[in-house]
Amino acid sequence: MSLLIGIHIKEVLLKDEALRKDIGDRVYPLVIPEGAPQYPFVVYESTGIQPFNTKDGSCEDSVGVSVAIVSKSYESAIGIANTVRYDLEGKTAAYTGFEVTECVLFGSAEDYLPDIDAVCVTLSFNMKTIDY
C-alpha cells in the first residue's frame with residue numbers, strides 16, 4: 001500500500017551504516033520533532049498517489065516521494081543527498097501488506113533555509129507499489 005511507503009524509506013536509509021554515521025537515526029516523516037534539530041537530518045513525505053486500475057481493481061500504485069536532506073553545510077548536504085539517492089534508487093522490497101517494485105529519481109532541488117541557516121537538497125522519486 002503506497003500510503004505505507006515511509007516504512008520502506010526509513011528502513012532502507014537506516015540500513016546504510018555509512019549514512020547512519022552522518023545522520024544517526026534522524027530520518028523523519030513530514031517534520032522534525034520539536035527540539036530535535038541536530039544536523040544533518042532527512043525528512044520525507046509522500047507527494048501523491050496515482051493508482052493503476054484494471055477491471056479487477058487496483059493492481060499497482062505510483063507514489064511520488066520527496067526526500068529532503070538538511071545540513072549546515074552545502075558539501076555535507078550534497079554528499080548525503082548523493083548517498084540517499086543511491087540507497088533508494090532501484091531498491092525493491094516486500095513488507096507485510098505491500099511491496100515496493102520500483103524506485104526512480106526524477107528530480108532534485110537545492111535551497112538555502114535562512115530561518116535555520118541550513119542547506120536543503122530535495123530529491124524527488126517515483127515509487128511503484130503493489131498491495132497484497
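Buried means under 20% relative accessible area, exposed means over 50%, and partly exposed lies in between, with a 1.4 Å probe and protein chains only. The structure is a predicted model, in which local features need pLDDT of at least 70, side-chain atom pairs count only at pLDDT 80 or more, and totals for chains, interfaces and linings use all residues. Residues are numbered from 1 along each chain as its sequence is written, and side-chain values use heavy atoms, with hydrogens and water left out.

**View 1. Confidence along the chain.** The pLDDT, the predictor's confidence in each residue on a scale from 0 to 100, averages 92 over the chain. A score of at least 70 is reached by 94% of the residues. Helices (H or I, at least four residues) and strands (E, at least two) are DSSP runs numbered from the N terminus.

**View 2. Helix α3 and its buried face.** The end C-alpha atoms of α3 are 21 Å apart, which agrees with the 21 Å that its 15 residues should span at 1.5 Å a residue. That expected span is 1.5 Å times one less than the number of residues in the helix. The buried residues of α3 include A77, I80, A81 and V84, together with D87 and L88. Seen down the axis of α3, the buried residues fall within an arc of 125°, so they line one face of the helix. The arc is that of the directions from the helix axis to the C-beta atoms. An α-helix has 3.6 residues a turn, so residues three or four places apart point the same way. I78 also lies in α3, but I78 is partly exposed, with a relative accessible area of 32%. The C-alpha atoms of I78 and K91 are separated by 20 Å, although the two residues are 13 apart along the chain.

View 3. In one of them, the side chains of R85 and E89 meet at 2.9 Å, N to O. R85 counts as partly exposed at 26% relative accessibility, and E89 is partly exposed at 24%. Just after α3, G90 takes a positive phi of about 80°.

View 4. E11 forms a salt bridge with K15, and the closest N and O atoms are 3.6 Å apart. Both residues lie in helix α1 (residues 5-15), 4 residues apart, about one turn of the helix. K15 is exposed, with a relative accessible area of 60%, whereas E11 counts as partly exposed at 35%.

View 5. L3, L4, I7 and I49 make a nonpolar surface patch of about 340 Å². Patches are made of residues with over 30% relative accessible area and no salt bridge, like charges being joined within 9 Å and nonpolar side chains (Val, Leu, Ile, Met, Phe, Trp, Tyr) within 5 Å. Accessible areas come from the Shrake-Rupley method with a 1.4 Å probe, and for residues only the protein chains shown count as cover. I49 lies in strand β2 and counts as partly exposed at 34% relative accessibility.

**View 6. Backbone features in two loops.** The loop between β1 (27-29) and β2 (41-54) contains P40, which is joined to Y39 by a cis peptide bond with omega of about -10°. L30 has its place in the loop between β1 and β2, and has a positive phi of about 65° although it is not a glycine. L30 is exposed, with a relative accessible area of 60%. D117 lies in the loop between β5 (98-113) and β6 (118-131). Phi of D117 is near 50°, a positive value in a residue other than glycine, and D117 counts as partly exposed at 43% relative accessibility.

View 7. M127 lies in strand β6 and counts as buried at 0% relative accessibility. M127 and V65 are 62 residues apart in sequence and 7.3 Å apart in space, C-alpha to C-alpha. K128 also has its place in β6, and counts as buried at 17% relative accessibility. The C-alpha atoms of K128 and G64 are separated by 8.9 Å, with the two residues 64 apart along the chain.

Terms used
A salt bridge is a side-chain nitrogen of Lys or Arg within 4 Å of a carboxyl oxygen of Asp or Glu.
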